[in-house]
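Me: I'd like to chat through this structure, pockets and packing included. Can you take my questions one by one?

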Amino acid sequence: MSKLPAIGMRVHGGMAPRRCIDLAAGADKHGLASVWFAENPFNRGVLPAVAGAVLATKRIKIGIGVFNPYNRHPTLIAMEIGALDELAEGRAALSLGSGIGDRVTRMGLSYEKPLGAVRDAVTIVRGMMKGETVTHQGAVFSVSNVKMEYVPPRPQMPIYVAAMGDQALRLCGQIGDGVMISNMCPPGYTERALQVVQEGANKAGRPRPKEVVQYVLCSVNADRGEARAAVRRTIAEMLPAYWAMGARWPAVREAMHGRSGIPEQEFVAAIDRLKAGDDPQQVLDDRFVDAYSISGTVDDCLKAAAGFGAVNVTELVVTFVGKAPLDEMALLGPALRANA
């Protein structure tokens, strides 16, 4: 079996803050490597839960993935992540991305230059975290003589860049300290994506970012069939939504389907059946489950996680889709410690 990536957990603004904090404490107890908080406009802001998770844990990395610079100006991102890292005593992590375009435009903001926005944000945040006085005239965001009024605790704090399309992946190779890959991206996509990241790194004359964080669905159960049935239900909810998003942003469809190993005709037919209300257990065969999740028994999950490790994912961040994620963590915990 290939080397296992570190295993973390994803929570998000769709969950109540106290629930996120309880799950973070469980992840810390059961040996997971990280907790990442996903935030999207119009849902809960994650900072209250993130701060609570920092105080409820002792060793685990606490990540934000992702902040976008539209609803948080880069200077504010630097201010917040610096304070959070101080509170966490060096355990905080940050990923930046351009966000979901249609939600950004609904805020009355332009989404014409998302790559420029990310480049500007990374430049400004990185400089401020180093304690520098930053003047930057950017494509989207500009600042003049801005500087932290305290000494940031970790000047070299890495900044991950969330990317999906080729241009964003190349940008990550040029400026990112790590790359973050979304849910619904099979290992074949990740393998190709990192080749594109390498192109960007080569262009910039720098090494490819070594840290690769990927989100993936997860269900762990002593009953393999029950675990995989739970994942099918979640994939059935996400698949049509992501496919519809891809009508406007083709990179989404390419990421989720292009390297899935499922012929497009069968892929589209499955989505049509789900939209018509057909049972996900009948529509989605093992190819869909294997492409978008790690699920089954503990051994099944470890084997699937190793498949992501084989394509150079260094940190696999799981979304537990079952009703009892703390129980699932307890099942995984001994195996994670044995493989640490």
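Residues are numbered from 1 along each chain as its sequence is written, and the model is predicted, with local features needing pLDDT of at least 70, side-chain atom pairs counting only at pLDDT 80 or more, and totals for chains, interfaces and linings using all residues. Side-chain values use heavy atoms, leaving out hydrogens and water.

Me: How much space lies in the largest pocket?
Reply: On a 1 Å grid over the protein atoms alone, a pocket is an open set of points where a 1.4 Å probe fits, with protein on both sides within 12 Å along at least five of seven lines. Points are joined across faces, edges and corners, and the volume is the space filled by probe spheres set on them. For the largest pocket that gives about 1,400 Å³.

Me: Which helix gives the largest share of the lining of the largest pocket?
Reply: Lining residues have an atom within 4 Å of a grid point, and the largest pocket has 45 of them, with Gly99, Ile100, Met164, Ser182 and Met245 nearest its centre. Helices are DSSP runs (H or I, at least four residues), as are strands (E, at least two), numbered from the N terminus. The largest share, five residues, comes from helix α8 (residues 224–245).

Me: And which element supplies the largest share of the lining of the second largest pocket?
Reply: The second largest pocket has a volume of about 560 Å³. Its lining has 29 residues, and Phe320, Val321, Gly322, Lys323 and Glu328 lie nearest the centre. Elements supplying at least two lining residues each include β1 (6–12), β11 (315–320) and α14 (325–338). The largest share, seven residues, comes from α8.

Me: Is Thr234 buried or exposed?
Reply: Thr234 is found in helix α8. Leaving aside neighbours within four places in sequence, Thr234 is in contact (heavy atoms within 4.5 Å) with Leu217 and Val321. The scale runs from buried (under 20% relative accessible area) through partly exposed to exposed (over 50%), using a 1.4 Å probe and protein chains only. At 15%, Thr234 counts as buried.

Me: Which residues have the most contacts inside the largest nonpolar core?
Reply: A nonpolar core is a set of buried Ala, Val, Leu, Ile, Met, Phe, Trp, Tyr and Cys residues joined through side-chain atoms within 4.5 Å. The largest one has 106 residues, and the most contacts inside it belong to Phe37 and Leu239.

Me: What is the geometry of the Trp36 and Tyr160 pair?
Reply: Rings of Phe, Tyr and Trp (its six-membered ring) pair if their centres lie within 6.5 Å; planes under 30 degrees apart count as stacked, over 60 as edge-to-face and the rest as tilted. By this rule there are six aromatic pairs. Trp36 and Tyr160 have ring centres 5.5 Å apart and planes at 85°, so the pair is edge-to-face.

Me: How many residues apart in sequence are the parts that Tyr111 and Trp249 tie together?
Reply: Their ring centres are 6.3 Å apart with planes at 85°, so this pair is edge-to-face. Tyr111 lies in the loop between α4 (101–106) and α5, and Trp249 in the loop between α8 and α9 (250–257), so the parts tied together are 138 residues apart.

Me: Is Trp249 buried or partly exposed?
Reply: Tyr70, Tyr111, Phe141 and Trp249 form one aromatic cluster. Tyr111 is buried at 16% relative accessible area. Trp249 comes to 25%, so the word for Trp249 is partly exposed.
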